[in-house]
Amino acid sequence: MASNPPAACCASGFKHDGTPAGEIKDISGVNTYITYPKDNKTPEKAIIFVTDIFGIFSNAQLLADEYANNGYLTIIPDLFNGDQISVSAMESGKVDVPAWLSKYQAPVIDPIVESTIKYARETLGVKKIGAVGYCFGGKYVCRYLKPGQIDVGYSAHPSFVTPEELGAIKGPLSISAAEIDTIFTTQHRHESEDILIKTAQPWQINLFSGVSHGFAVRADLSDPKQKWAKEQAFCQAVAWFNQHL
């Protein structure tokens, strides 16, 4: 596999401080967080943010705002219809990740991703779409990195990606990987490199030392090493979109 299924480490991490600047709208029955670049309500480029198992929560919203601050309309669909893993459940240690995941396989998630792409292109008039996928969301960046769907992809510590999904991408893909990761392991990272070479698409994998799965969205910002890695992973994503989108 290109990565293992999500596991307990997917439900660990730290909540970040800040006040989200965007708004949540009902888009075809799906709660969707939308945040615009400053002074530009009709951008031609957008990023679809495919979340981890925490769904639309403050860390993701604040990251989306930063993509908007860098010029990209950013859209986060609620993949789980309000049934995301909560931070309080995570902190209690009572999260049964495999049981929860069984409810949210591709037949459930695909239609939401597809409707978000359609909304961005047809309703908002976006010409080019990038996608970011954190943990759980990385799978869907690969699945939809195709002409007419997602033009450019970025994923941090991806989960549950199959070799077939990775090998079928038709656009540029950048990945941020953690040194300590039981899901996107060293073996899977090397296998992914071999697969990506065969796609003949532009690709990049950056490996960050001393951090664990989830660092790009749930790092402990009081730890300078984790804070630096999170910030550099974000810079990697923005630089990738600036180059290819």
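The largest nonpolar core of this predicted model holds 77 residues. A nonpolar core is a set of buried Ala, Val, Leu, Ile, Met, Phe, Trp, Tyr and Cys residues joined through side-chain atoms within 4.5 Å. Buried means under 20% relative accessible area, with a 1.4 Å probe and protein chains only; exposed is over 50%, and partly exposed lies in between. The residues with the most contacts inside the core are F49, Y67, Y134, F136, Y154, L173 and F241. In soluble globular proteins, nonpolar side chains tend to be buried together.

Contact means heavy atoms within 4.5 Å. Leaving aside neighbours within four places in sequence, F49 is in contact with A60, L63, A64, Y67, T74, I75, I76, P77, V132 and Y134.

K139 belongs to helix α5 (residues 138-143). Helices (H or I, at least four residues) and strands (E, at least two) are DSSP runs, numbered from the N terminus. K139 counts as buried because its relative accessibility is 9%. Residues up to four places away in sequence not counted, K139 touches S159, F160, V161, T162 and E165.

A cavity is a set of points where a 1.4 Å probe fits but cannot get out. A pocket is an open set with protein on both sides within 12 Å along at least five of seven lines. Lining residues have an atom within 4 Å of a point. Points are joined across faces, edges and corners, and a volume is the space filled by probe spheres set on them.

Three cavities of 30 Å³ or more were found. The largest cavity has a volume of about 60 Å³. Its lining consists of I27, S28, V30, T32, I75, P77, I112, S115, T116 and Y119. Two or more of these residues come from each of β2 (30-35), β4 (73-77) and α4 (106-123). Helix α4 gives the largest share, four residues. By class, six lining residues are nonpolar, four are polar and none is charged. Here Ala, Val, Leu, Ile, Met, Phe, Trp, Tyr, Cys and Pro count as nonpolar, Asp, Glu, Lys and Arg as charged, and the others, Gly among them, as polar.

The largest pocket has a volume of about 240 Å³. It is lined by 13 residues, and L62, L63, E66, L221 and K230 lie nearest its centre. Helices α1 (58-69) and α9 (224-244) each give two or more residues to this lining. The largest share, five residues, comes from α1. The pocket lining has five nonpolar, three polar and five charged residues.

Residues are numbered from 1 along each chain as its sequence is written. Local features need pLDDT of at least 70, side-chain atom pairs count only at pLDDT 80 or more, totals for chains, interfaces and linings use all residues, and side-chain values use heavy atoms, with hydrogens and water left out.

Note on methods: On a 1 Å grid over the protein atoms alone, a cavity is a set of points where a 1.4 Å probe fits but cannot get out, and a pocket is an open set with protein on both sides within 12 Å along at least five of seven lines; lining residues have an atom within 4 Å of a point.
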